[in-house]
Amino acid sequence: MKKTIFGILILLLMIGCGKEKKNGTSENGKKTKENTFIMGSANFNGDFYYGWTNSAYDGYIRKLIWGGGLLSPTDKGELVIASFVEKKETYKSDPKKKSDDVWKFEIKNGMTFSNGDPLTAKDVKFTYDFYMDKEALNATGGTSGLSEYIDRVELDEAKNSVTFYLKNPMYTVGSSIFFENQSILDSTMILAGVEKTGLSPQQWVKANISTPIGYGPYKIEKYVESQYVKLGINENYQGNFEGDKASIDYLIIQNIPSETQITQLITGEVDGLVNLGNEEDIEAILATPTLSTNNYLRNGGGQFTFHTDFGPMQLPEVRKAFAYEFNRVKFRDIFLGKYAISSNAPYSRNLWMMYDKGENLGTEGKFEKSLTNYDIINADGNWDKEANLRIAHKLLDQAATRTDEAYAKLTKDGNGAYLWDGKQITLNIATTPVWVDSLNLTLTKNIQDEFGIFVNIDSMDWSVLSKNLDGVIPLSERKYHAFTLGDSYGIQYDPYPSWSGTRVLPYGKGASTNGSRYRSNEELLNSIRFSNPSTTEGKTMYKANWRKWIVEVNHSLPILPLYSNNFYDAYTNKVVDFKTNALWEWPYAIVKAKFK
């Protein structure tokens, strides 16, 4: 009750005399009262520029402010040129090349950012130079891989165009180089700030990371750390791929407790929640006549991410033994209930690469069934504790016989206990509050005693967890071996940025984009991303090598997938035309939505 009252007070302070939920127009077509949509959210870091410690919740803000890069998405999961781009051309710099390695974009004349600054090809060139300066970017804790596959960028101010010369065209070139991660920066604003402060462009952006200027459907009106972000319509927005512009005057993305979010939605304190997968929550919203819902299979999942360069998690046998110790069937039942979907590697059932000819998207296909399942199930369909225990101990016994490198630290004493550096194997797990009860009910003391891998579970805010995960805290403060988090997959899936060994920065020296700090097969990763996108042969190669990578991750286990979801997005039925799906997230869909 106290939390609910506090939530109401916050909302009244934020938007004055309550929420006015009218369409905002009278019979003669003139605007009457402004309308506001409040979206409930987990906490955000406030890093609203790409390249730093962005969470998915920061990503939602970025999508609303920019709407994409030179390419933007459609509701069918396709990429088209952004509304501020006049045209795109691709061609080969040499006829002997297999695919187009030159991409040219001409920017429309008269384009502006939300603050009125001109948006030109000069800003595009500035943006790519900004992110390709790895030394300056890394010095501020930022990361980008653009310089690895862009040779140079040439500007033609007279034609208001910019030309990219690629080192080696990737299969995922559109999403990896020209989509939302490379949203265009306002060079006029940034350079003015640089001149005034004497900072580098990267330092200035880092110092002002929570107040970006973009060209998307909305602009930031106010940001209160750990509380809310208020956004208003960007009158300079050119519209999405269909020309739609926002009609909802204000969006408030409100940080609310997970424990009260459904109550706050049902009572109308917030207008929307997305990515709901818990059975109890879904049943509650489906039974509420004032709410509408959109349902789809999640393009991602929840997982343990292991730091594979730290402590016992350096050994794949320990990672696997822990996987057999953790009863994922029980966890899914507690955490989500009947709307949970099992998975054994970083894939989603929305990805075409999962399926063979004749198989239906969204089902469990032949390839998925071929992967190792780290839950041994008995004939009754239940988790077989004894069978899982035997496999876990077999793995630990095998590791204990080795004395090379990190294996020397794993031993077995005369009582049959497994030790790391002479002490019982203990894993420190960082999690957010929503996971805690389900983890504790699954990793019970009896289970830990029997399997021989013990855990400490620490609950914290996502912004704190992400700093430990990414390695931006001092090395002397490092303590966590595993992290609970969710992962999402893009319209085009390139595993390289999140799995390449070259992305593992020394802990404490900046944010690593490789969360598991796992050094995957670089040759395989490159064969995936550099498959020829222009041919059927390239598509076939991409699929085959992507599957090889999935098998590698499933075998080496740098992450342990815990679940995927049958997702529901829920929102007030006073809003119509708000149609989300797995590849069309709410910041894109809200542009077309409107109050009745």
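This is a predicted model: local features need pLDDT of at least 70, side-chain atom pairs count only at pLDDT 80 or more; totals for chains, interfaces and linings use all residues.
**Exercise 1.** Determine how the rings of Phe306 and Phe322 are arranged, and where the two residues lie.

*Solution.* A pair of aromatic rings is described by the distance of the centres and the angle of the planes. For Phe306 and Phe322 the centres are 6.0 Å apart and the planes make an angle of 80 degrees. Because planes over 60 degrees apart count as edge-to-face, the pair of Phe306 and Phe322 is edge-to-face. As for location, Phe306 belongs to strand 13 (residues 300–306) and Phe322 to helix 10 (residues 316–325), so that the pair links distant parts of the chain, 16 residues apart. Both Phe306 and Phe322 are buried, and both are members of one aromatic cluster, which also includes Trp435 and Tyr563.

**Exercise 2.** Work out whether Trp499 and Tyr518 are buried or exposed, and what their pair ties together.

*Solution.* Trp499 and Tyr518 form an edge-to-face pair, with 6.3 Å from centre to centre and 80 degrees between the planes. Trp499 lies in helix 17 (residues 496–499), whereas Tyr518 lies in the loop between helix 17 and helix 18 (522–529), and therefore the pair ties together parts that are 19 residues apart in sequence. Buried means under 20% relative accessible area; Trp499, at 6% relative accessibility, therefore counts as buried, and Tyr518, at 10%, counts as buried too.

**Exercise 3.** Find which ring the charged end of Arg152 sits over.

*Solution.* The charged end of Arg152 sits over the ring of Tyr165, at 3.8 Å from the centre of that ring.

Conventions: Residues are numbered from 1 along each chain as its sequence is written. Side-chain values use heavy atoms; hydrogens and water are left out. Rings of Phe, Tyr and Trp (its six-membered ring) pair if their centres lie within 6.5 Å; planes under 30 degrees apart count as stacked, over 60 as edge-to-face and the rest as tilted. Helices (H or I, at least four residues) and strands (E, at least two) are DSSP runs, numbered from the N terminus. Buried means under 20% relative accessible area, exposed over 50%, partly exposed in between (1.4 Å probe, protein chains only). A charge sits over a ring if NZ of Lys or CZ of Arg is within 6 Å of the ring centre and within 35 degrees of the ring normal.
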